[in-house]
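Please have the sequence and the model open while reading.

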Amino acid sequence: MMKFVKAHACGNDFVILEETVAQRNHAVLAKRLCSRNTSIGADGIEFLERRADGSFFLRLFNADGSEAELSGNGTRCVAAWLAEQEGKETVALGTHGGVRRCRVVRQEGREWWIESGMGVPRVMPRKLEIEGIDGVLDGAMVNVGNPHFVLFPERKDFGTHGMTWQEIGAKLAVDRHFPHGTNVEFVRMKKKDEIEFRIFERGCGPTTSSGTGTCASSAAAMTLKGAARELTAMAEGGAQTVVWPDAGSEMLLTGPAEIICRGEVEFG
């Protein structure tokens with residue numbers, strides 16, 4: 001039997017496992033345990049390594065078994081778990097996308113509100129021609145420790161070029177322009193200090209929220225659309241707050257995380 005914890009951040013859900021139980025079966029565990037119908041169900045697994053020097057390191061595996069650099073929401077879920085179980089009000093979590101420093105802002109019932117340092121985003125405007133999509137996609141590649149492509153559709157349903165956002169996201173996520181795949185966000189400006197967006201995640205598909213997607217969407221909106229340097233980003237799963245003072249500063253992301261359950265699961 002394998003002990004697990006499950007948590008979510010705005011509906012973006014993760015299983016948390018200690019690295020010691022993985023035994024090099026990370027991809028297999030992810031595909032099996034993330035199954036919605038036959039196992040725990042999740043968008044991905046965060047494997048938590050406790051190193052000899054007292055530091056922490058996370059490896060994120062998506063539901064399809066692929067490994068990603070990091071997840072902003074997944075990192076926040078792990079920070080909430082360490083706050084709840086071990087009383088850690090601040091924690092540095094290493095990832096393949098860099099160290100993310102998390103700080104508990106407040107607790108409201110079962111929700112932990114956590115501020116995370118998300119590094120310095122890089123926004124690169126791009127016009128892409130994609131096979132199977134009519135016309136040119138005008139957007140931006142954004143790196144926040146992992147890759148994103150951000151679009152600004154005019155339609156209220158986030159569709160563009162005669163297609164739904166889900167259809168375009170599925171094509172872009174695996175297009176040849178992105179050798180390692182990409183996450184895709186569709187952003188609409190609501191007010192100068194508020195955006196609304198949808199997410200198609202590499203290795204997972206449509207999700208209700210994304211921490212790095214929130215940061216990428218916000219960075220693109222600030223850089224290309226004149227959005228305020230402190231704004232609210234609203235995804236289907238809820239709102240997060242983003243602060244990015246200037247292009248050379250670290251972006252700060254604040255949002256909730258909640259421990260859903262803990263238990264044991266069979267594997268073998």
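This is a predicted model: local features need pLDDT of at least 70, side-chain atom pairs count only at pLDDT 80 or more; totals for chains, interfaces and linings use all residues.

Residues are numbered from 1 along each chain as its sequence is written, and side-chain values use heavy atoms, with hydrogens and water left out.

**Cavity**

- The structure holds one cavity of 30 Å³ or more; a cavity is a set of points on a 1 Å grid over the protein atoms alone where a 1.4 Å probe fits but cannot get out.
- The volume of the largest cavity is about 140 Å³, a volume being the space filled by probe spheres set on the points, with grid points joined across faces, edges and corners.
- Its lining has 18 residues, and L60, N62, L70, S71 and E201 lie nearest the centre of the largest cavity; lining residues have an atom within 4 Å of a point.
- Two or more lining residues come from each of strand 2 (12-18), strand 4 (56-62), helix 2 (72-86) and helix 4 (211-225); helices (H or I, at least four residues) and strands (E, at least two) are DSSP runs, numbered from the N terminus.
- By class, the lining of the largest cavity comprises 11 polar, four nonpolar and three charged residues. Ala, Val, Leu, Ile, Met, Phe, Trp, Tyr, Cys and Pro count as nonpolar, Asp, Glu, Lys and Arg as charged, and the others, Gly among them, as polar.

**Strand 4**

- Six of the seven residues of strand 4 are buried (under 20% relative accessible area, 1.4 Å probe, protein chains only).
- Strand 4 pairs with strand 3 (residues 44-50) in the antiparallel sense over seven bridges; pairing requires at least two bridges found by DSSP.
- F57 of strand 4 is the bridge partner of E49, and in strand 6 the bridge partner of F57 is G94.
- Strand 4 and strand 6 (residues 90-94) run parallel and are joined by two bridges.
- Strand 5 (residues 67-68) pairs with strand 4 in the antiparallel sense over two bridges, and E67 is the bridge partner of F61.
- In the hairpin of strand 3 and strand 4, with five residues between them, G54 has a positive phi of about 90°.
- The hairpin of strand 4 and strand 5 has four residues between the strands, and G65 takes a positive phi near 95°.

**Strand 3**

- Strand 3 is largely enclosed by the rest of the structure, because five of its seven residues are buried.
- Strand 2 and strand 3 run parallel, joined by five bridges, and L48 is the bridge partner of E18.

Terms used. On a 1 Å grid over the protein atoms alone, a cavity is a set of points where a 1.4 Å probe fits but cannot get out, and a pocket is an open set with protein on both sides within 12 Å along at least five of seven lines; lining residues have an atom within 4 Å of a point. Buried means under 20% relative accessible area, exposed over 50%, partly exposed in between (1.4 Å probe, protein chains only).
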